Amino acid sequence: MWRTRAAEACVICRSLANSSCGIRRKSPLQNLHLVSRSMHHPYHSSLKLQRRPLRMSIQQFSSLNRLPLRRTKLLNVKYGYQSYRNFRLARLASRLLKIRYLILGSAVGGGYTAKKTYDQWKDMMPDLDEYKWIIPDFIWELDEHIDFEKLIKALPDADDLAKLLPDFDKIGESFTSLKGIFSPGTPGETAFRATDQRYDSDKQYKKGLLGELILLQQQIQQHEEEARRAAGQYNTGSYQQKRKVSDKEKMDQLQEELLRTQLKYQRMLERLEKENKELRKLVLQRDDKGIHQRKLKKSLIDMYSEVLDILSDYDASYNTQDHLPRVVVVGDQSAGKTSVLEMIAQARIFPRGSGEMMTRSPVKVTLSEGPHHVALFKDSSREFDLTKEEDLAALRNEIEIRMRNSVKEGCTVSTETISLSVKGPGLQRMVLVDLPGVISTVTSGMAPDTKETIFSISKAYMQNPNAIILCIQDGSVDAERSIVTDLVSQMDPQGKRTIFVLTKVDLAEKNVASPSRIQQIIEGKLFPMKALGYFAVVTGKGNSSESIESIKEYEEEFFQNSKLLKTCMLKAHQVTTKNLSLAVSDCFWKMVRESVEQQADAFKATRFNLETEWKNNYPQLRELDRNELFEKAKNEILDEVISLTQVTPKHWEEILQKTLWERVSTHVIENIYLPAAQTMNSGTFNTTVDIKLKQWTDKQLPNKAVEVAWETLQEEFSRFMTEQKGKEHDDIFDKLKQAVKEESIKRHKWNERAEDSLRVIQHNALEDRSISDKQQWDAAIHFMEETLQSRLKDTESVIEDMVGPDWKKRWLYWIGRSKEQNIRNETKNELEKLIKCNEEHAAYLANDEVTTVRKNLEARGITVDPCLIKDTWHQIYRRYFLKTALNHCNLCRRGFYYYQRHFVDSELECNDIVLFWRIQRMLSITANTLRQQLTNTEVRRLEKNVKEVLEDFAEDNEKKVKLLTGKRVQLAEDLKKVREIQEKLEAFIEALHQEK
């Protein structure tokens with residue numbers, strides 16, 4: 001049955017393949033799936049699958065799903081078009097199914113690809129959580145506390161706002177009528193429009209309060225121009241005769257309306273600025289809370305001020321003439337310079353006096369914006385709160401103290417710059433230098449060269465081609481009395497960097513008979529100097545206790561009611577210190593941007609020259625500046641102090657014992673041994689020795705021992721400090737080491753209790769008389785012989801000086817005796833005869849013996865004074881005694897046996913040997929005790945003193961400059977400063993470009 005149906009199917013397939021109707025196409029069988037073809041034609045030659053023979057009962061199953069197959073309808077198909085259409089539909093259905101799967105697969109794959117791309121893009125985005133601090137926290141919380149919908153509804157409409165503004169159409173019509181009546185004029189205009197440059201005149205803001213304010217400003221300028229032309233035409237002689245009273249009244253009304261418009265504009269502008277100031281202060285305070293949580297960058301003005309401070313330290317005498325911009329404030333004494341600066345800084349920060357000179361040195365004031373109104377000095381961390389009167393008084397007192405300390409003895413002013421930084425909300429960023437006021441006469445109490453010194457300081461600052469000169473002129477005095485204007489005109493003849501400020505305009509308006517004189521000053525027609533701009537200000541009523549707020553209110557009230565503004569002699573942007581500070585700040589930053597890169601290049605060239613000079617002169621040395629050299633010397637000094645602890649105990653004791661004996665040997669021989677030796681028996685000798693040793697120990701010996709120990713420590717310390725280390729020795733440190741040594745020794749004090757403990761030890765050592773062995777006995781004899789021989793040698797030298805050379809030296813060296821030496825020689829001979837007659841003679845001559853010697857000499861024609869006889873006897877007897885004592889030492893070498901028997905049944909007495917043994921033992925014990933005090937206490941205390949001295953010297957720059965000198969040090973110092981200035985200038989330039 002399977003074969004029959006398969007044969008029929010083959011016939012049908014061949015018929016379909018042949019009936020192509022002239023079109024080449026594949027057989028439908030070839031387009032079917034492999035499994036479908038196996039069902040359709042299992043014996044086809046192209047089919048590799050072969051059905052396995054069935055081993056079960058004949059039943060129809062499919063190899064795909066093992067379900068019973070339905071009878072195929074192809075067996076009953078007729079030949080023709082119908083069969084071809086059925087296969088075409090089947091093929092179309094299969095293609096549609098394939099497209100569905102393609103679409104579904106594409107959708108799934110495309111969705112997965114899109115999700116993967118989005119995840120990758122999301123991972124590439126930076127984490128902005130770290131930058132949330134840029135926007136203050138209260139901005140995120142505004143929507144929680146403020147209902148903006150209610151606020152928008154509460155705001156007035158545009159029509160209501162329009163009612164608040166003046167009727168500009170009427171004003172325009174009035175000025176148009178004036179323009180038609182009067183002919184146009186062209187008066188000169190030289191006023192400095194600094195505030196107008198802050199706005200872009202090409203942009204027209206027609207919406208919002210700020211746009212209306214700008215339109216108001218433009219219209220006011222037009223009205224001022226029309227009123228000025230009308231006033232100029234009115235003053236001409238030809239029109240003055242034709243003018244009617246009604247026209248004059250109309251012009252006055254227009255001027256009044258114009259002034260009211262200006263005042264209204266000014267009030268609106270001030271209200272906006274006040275709100276802006278409060279908002280900025282709030283933002284800065286919010287940001288100030290996290291100032292310790294992140295590292296903030298320095299402000300632009302602080303970076304620039306730091307460069308100027310380094311330059312000031314680099315050359316305090318201003319010899320380098322750097323061309324970095326500053327605002328230099330100059331003026332005659334009591335012209336109001338300080339008051340103008342205080343108004344710009346918005347605080348009464350400078351000391352004040354009535355007519356006397358208060359500014360005695362240049363004061364650099366750096367103004368910058370900050371959340372709190374504070375001031376601080378460059379070299380101090382204390383902040384002065386400028387909102388508190390106590391801090392203001394303390395700041396003024398500190399400035400006055402610094403000024404007086406900077407002035408050298410015999411001078412009135414100083415070139416040393418005092419650097420002060422003032423921060424506060426709303427302050428304009430700039431750097432100002434307040435100079436001493438120019439004087440015309442030197443009064444009593446001033447140095448004779450005060451006038452010339454002030455002129456030289458002012459010229460030094462003003463001759464900088466990039467310095468902005470703020471020339472202050474007192475408006476209450478005659479212009480002919482001005483000194484500073486001539487000085488400024490010499491420094492800036494073209495007036496390209498000068499701003500002229502007329503102070504005390506309120507007094508000038510009252511005192512000047514002709515107000516037009518003030519107008520001439522502001523227009524630059526009265527003084528020979530030229531200026532970039534002219535301003536008129538009022539800095540108070542002359543009361544030093546006035547606050548800045550009261551002065552500002554008084555200034556605004558004065559200019560609102562002043563005839564100078566009403567009559568258009570002054571313009572609105574030329575008055576008040578507020579407009580002045582805006583103009584000065586703009587000029588300052590304009591000058592900085594134009595010149596700072598050129599100055600950076602100049603310092604770069606200077607650095608190259610210094611580096612080349614160093615390589616040529618010191619090719620093998622590092623570039624160590626003064627601070628680095630000090631640190632190197634400090635380490636060497638500390639190493640040398642530590643070397644004191646490495647001195648051996650034996651060395652300490654030998655030096656101490658030798659030095660102490662040299663110091664006390666004279667006292668022992670003259671005051672103890674010689675008096676005791678004059679006694680008749682051993683008992684008296686020992687008693688005298690004990691008494692004198694006790695007195696010596698209680699009063700002098702401990703103090704002498706401590707002095708010797710301290711001097712020994714100094715000598716050893718000096719030896720280590722001055723000892724050269726071979727090739728590594730650098731003589732540049734010699735002055736510093738000497739100063740450290742002297743200051744450390746000066747500060748060091750020996751322990752006060754050392755003498756008390758030492759007295760007990762010495763007293764116990766001298767009381768011991770028991771010599772234990774022969775070795776100690778021989779050592780005492782040796783010690784005594786050395787001492788006596790040394791004394792005998794000294795005595796022989798003294799006698800030789802007294803009597804002159806002997807006959808050998810006279811014959812060999814042709815040296816003669818003087819008259820006095822001949823007299824002493826004859827006296828010596830007489831005294832020697834006296835000793836030969838009585839070998840047991842006492843140490844002192846009796847009066848009758850002196851008389852006998854004198855008469856004997858007079859008999860030979862020699863007149864001798866009794867005092868000369870006694871002096872000669874002292875040396876002659878001393879020599880005789882020392883020789884006798886030395887002979888006695890030789891006899892006592894075998895006396896240790898008799899000493900052990902306490903000299904019983906012996907004519908030999910060696911009590912002097914026992915005395916010297918006691919002295920020697922005391923010296924040894926004292927040296928050991930002092931050595932312990934040195935090594936255990938005093939060396940450490942000295943090391944501590946040296947460290948303290950080095951720390952004090954490290955903080956004293958003047959001391960380092962004095963002790964570390966030389967061309968090498970100065971060259972390294974200049975190189976370091978120039979490098980630092982160049983690097984900071986480059987950092988400032990980079991920040992300046994980023995701000996643009």
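Predicted model: local features only at pLDDT ≥ 70, side-chain atom pairs only at ≥ 80, totals over all residues.

Student: OK, at roughly what angle do α28 and α35 cross?

Tutor: Helix α28 covers residues 754-767 and helix α35 covers residues 911-955; their axes cross at roughly 155 degrees and come within 9 Å.

Student: Are those two roughly parallel or roughly antiparallel to each other?

Tutor: Roughly antiparallel, because angles over 145 degrees are put in that class.

Student: And is the crossing left-handed or right-handed?

Tutor: The crossing in which α28 passes α35 is right-handed.

Student: Which residues meet there?

Tutor: On the α28 side they include L758, I761 and L766. On the α35 side, I919, M922 and I925 are among them. By class, the residues of the contact of α28 with α35 are 9 nonpolar, 5 polar and 3 charged.

Student: Next pair. How do α26 and α27 cross?

Tutor: Helix α26 (residues 701-722) and helix α27 (residues 734-747) have axes that cross at roughly 165 degrees and come within 11 Å. That angle is also over 145 degrees, so α26 and α27 are roughly antiparallel to each other. Their crossing is right-handed.

Student: Which residues make that contact?

Tutor: α26 gives W710, Q714, F717, S718 and M721, and α27 gives K737, K741 and I745. The contact of α26 with α27 divides into 4 nonpolar, 2 polar and 2 charged residues.

Student: Changing topic: how many aromatic pairs are in the whole structure?

Tutor: A search finds 16 aromatic pairs. One of them is Y877 with Y880, a tilted pair with 6.2 Å from centre to centre and 50 degrees between the planes.

Student: Where do Y877 and Y880 lie?

Tutor: Both lie in helix α33, which covers residues 866-892. Y877 and Y880 are 3 residues apart, about one turn of the helix.

Student: Is Y877 buried or exposed?

Tutor: Y877 counts as buried because its relative accessibility is 9%, and the cut-off is under 20%.

Student: What about Y880?

Tutor: Y880 has a relative accessible area of 25%, so Y880 is partly exposed.

Student: Last one: which rings are linked into a cluster?

Tutor: Ring pairs link W661, Y673, F783, F881 and F916 into a cluster.

Methods:
Residues numbered from 1 in each chain as written. Heavy atoms only, no water. Axes fitted to C-alpha atoms, helices over the stretch in contact; angles between N-to-C directions. Helix = DSSP H or I, 4+ residues; strand = E, 2+ residues; numbered from the N terminus. Parallel < 35°, antiparallel > 145°, perpendicular 65-115°, else oblique. Left-handed = near helix turned anticlockwise from the far one by under 90°. Contact = heavy atoms within 4.5 Å. Nonpolar A, V, L, I, M, F, W, Y, C, P; charged D, E, K, R; others polar. Phe/Tyr/Trp six-rings, centres within 6.5 Å; stacked < 30°, edge-to-face > 60°. Buried < 20%, exposed > 50% of the residue type's maximum accessible area, 1.4 Å probe, protein only.
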